[in-house]
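Visitor: Please bring up the model. I would then like to go through its contacts one by one.

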Amino acid sequence: MKKYIVETYYTCTFKTLHTLETLDDSELSKIDKRTDGEVEVIDVKLNNRKTKKLGNVKDNKTKDVKIDSNLTKNITNKIKSPKTDSNENSVNLKIKNKDRFRMPDRRKGYIQKAQIGDHKVYLHTGEYDDGKIGEIFIDTNKEGELVKAMMNNFAIAISLGLQYGVPLEEYVDAFIDTKFEPSGHVIGNDRILSASSILDYVFRELAISYLGKEELAHTPSIASTKSVSNENDNDKFLKIVKNITSKGFVRSNYEEKLVDLSDVRINLKSKN
């Protein structure tokens with residue numbers, strides 16, 4: 001088996017920091033002769049064009065690389081072990097999460113119809129099995145094809161972000177209080193009475209339904225009338241209902257919205 005020795009060349013980019021007592025022409029002219037500066041290696045690259053094969057080698061002895069005496073010890077240490085710098089920099093790299101949590105084929109959700117000014121807005125939501133929102137759709141009327149297409153694609157972008165793990169809070173903070181037409185009085189929503197734009201209305205509704213942000217609502221929520229003593233009596237019933245009911249539709253208040261009719265008996269006898 002033949003062995004070869006290869007002469008390799010590296011291109012090193014570095015910077016040197018000097019401390020000057022006075023900034024004048026005489027001090028600047030002496031910088032090139034000084035060897036006491038702090039050296040920081042910026043990049044070390046292999047120069048493939050200058051790399052040459054010298055010939056056969058019978059032994060496995062390695063030759064030491066001669067380094068210019070003008071270079072400081074900091075440069076030589078960093079050139080001989082450039083891998084340590086790359087390892088330190090790799091620790092600070094952020095790992096991008098590429099996992100998408102796709103929606104189930106049969107999903108829960110709700111449709112909220114509201115009117116902002118003279119424009120009707122239909123908000124469709126889709127939820128995971130645990131009740132967490134994973135997609136939205138926004139439909140409007142009295143709008144041109146361009147506006148409808150923009151709203152549909154905007155909703156798709158929000159849905160993809162939710163499925164890739166973007167918190168709903170980030171969207172709420174970004175789009176709440178945005179101002180553009182249509183805006184004004186809201187009809188059809190029991191918690192939101194006015195909105196400064198369609199996006200303000202949509203994310204205000206989502207924040208109330210899925211995040212429980214009551215401070216964004218214009219009307220107070222229904223107070224709970226359930227006694228504390230019966231708090232654990234209907235746990236099994238509530239768990240069953242949570243699995244089949246949209247979290248956003250009941251605004252997370254299962255105990256306040258639901259009525260147990262298991263003990264109610266209805267007489268189905270006909271009058272004849």
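Visitor: Which residues does Thr125 touch, not counting residues up to four places away in sequence?

Guide: Thr125 is placed in strand S4, residues 119-127 (strands are DSSP runs of E with at least two residues, helices runs of H or I with at least four, numbered from the N terminus). Contact means heavy atoms within 4.5 Å. Leaving out residues up to four places away in sequence, Thr125 touches Lys108, Gly109, Tyr110, Ile133, Glu135, Leu206 and Tyr210.

Visitor: What pLDDT do local features need here?

Guide: Residues are numbered from 1 along each chain as its sequence is written, and side-chain values use heavy atoms, with hydrogens and water left out. The model is predicted: side-chain atom pairs count only at pLDDT 80 or more, totals for chains, interfaces and linings use all residues, and local features need a pLDDT of at least 70.

Visitor: Is Thr125 buried or exposed?

Guide: The relative accessible area of Thr125 is 10%. Under 20% counts as buried, over 50% as exposed and in between as partly exposed, with a 1.4 Å probe and protein chains only. Thr125 is therefore buried.

Visitor: What is the length of the polar contact between the side chains of Thr125 and Tyr210?

Guide: A polar contact is a pair of N or O atoms within 3.5 Å; within protein, one must be able to donate a hydrogen and the other to accept it, and residues adjacent in sequence count only if both atoms are side-chain atoms. For the side chains of Thr125 and Tyr210 the value is 3.1 Å.

Visitor: How many aromatic pairs does the structure hold?

Guide: Rings of Phe, Tyr and Trp (its six-membered ring) pair if their centres lie within 6.5 Å; planes under 30 degrees apart are stacked, over 60 edge-to-face, and the rest tilted. The number of such pairs in this structure is five.

Visitor: Are Tyr110 and Tyr210 stacked or edge-to-face?

Guide: The centres of the two rings, Tyr110 and Tyr210, are 6.3 Å apart. With 25° between the planes, the pair is stacked.

Visitor: How many residues apart are Tyr110 and Tyr210?

Guide: Tyr110 is in the loop between helix H3 (82-91) and strand S3 (111-116), and Tyr210 is in helix H6. The pair links distant parts of the chain, the separation of Tyr110 and Tyr210 in residues being 100.

Visitor: What is the relative accessible area of Tyr210?

Guide: Tyr110, at 6% relative accessibility, counts as buried. Tyr210 is also buried, with a relative accessible area of 8%.

Visitor: Are the rings of Phe154 and Phe203 stacked or edge-to-face?

Guide: Their centres are 6.3 Å apart and their planes stand at 85°, so the pair of Phe154 and Phe203 is edge-to-face. This pair links distant parts of the chain, Phe154 in helix H4 and Phe203 in helix H6, 49 residues apart. Phe203 has 0% relative accessibility and counts as buried. The class of the Phe154 and Phe203 pair is thus edge-to-face.

Visitor: Which residues of H6 make the contact with H4?

Guide: The axes of H4 (residues 145-163) and H6 (residues 198-210) come within 13 Å and cross at roughly 35° (axes are lines fitted to C-alpha atoms, for helices over the stretch in contact, with angles from 0 to 180 degrees between N-to-C directions). On the H4 side the contact is made by Met151, Phe154 and Ile158, and on the H6 side by Ile198, Leu199 and Phe203.

Visitor: How far apart are the axes of H4 and helix H5?

Guide: H4 and H5 (residues 168-175) pack at an angle of about 145°. The distance between the axes of H4 and H5 is 10 Å.

Visitor: Which residues of H5 make that contact with H4?

Guide: H4 contributes Phe154, Ala157, Ile158, Gly161 and Leu162. From H5 come Leu168, Tyr171 and Phe175.

Visitor: Which residues do ring pairs link into a cluster?

Guide: The edge-to-face pair of Phe154 and Phe203 was described above. Ring pairs link into a cluster Phe154, Tyr171, Phe175 and Phe203.

Visitor: Where is Ser246, and how far is its C-alpha atom from that of Tyr110?

Guide: Ser246 is in the loop between helix H7 (235-244) and helix H8 (254-257). Ser246 is buried, with a relative accessible area of 6%. Ser246 and Tyr110 are 136 residues apart along the chain, and their C-alpha atoms are separated by 6.8 Å.

Visitor: Is the peptide bond from Glu181 to Pro182 cis or trans?

Guide: Pro182 is found in the loop between H5 and strand S6 (184-187). Omega of the bond from Glu181 to Pro182 is near 0°, and the bond is cis.

Visitor: What is phi of Asp177?

Guide: Asp177 lies in the loop between H5 and S6. Most residues other than glycine have a negative phi. Asp177 has a positive value, near 70°.
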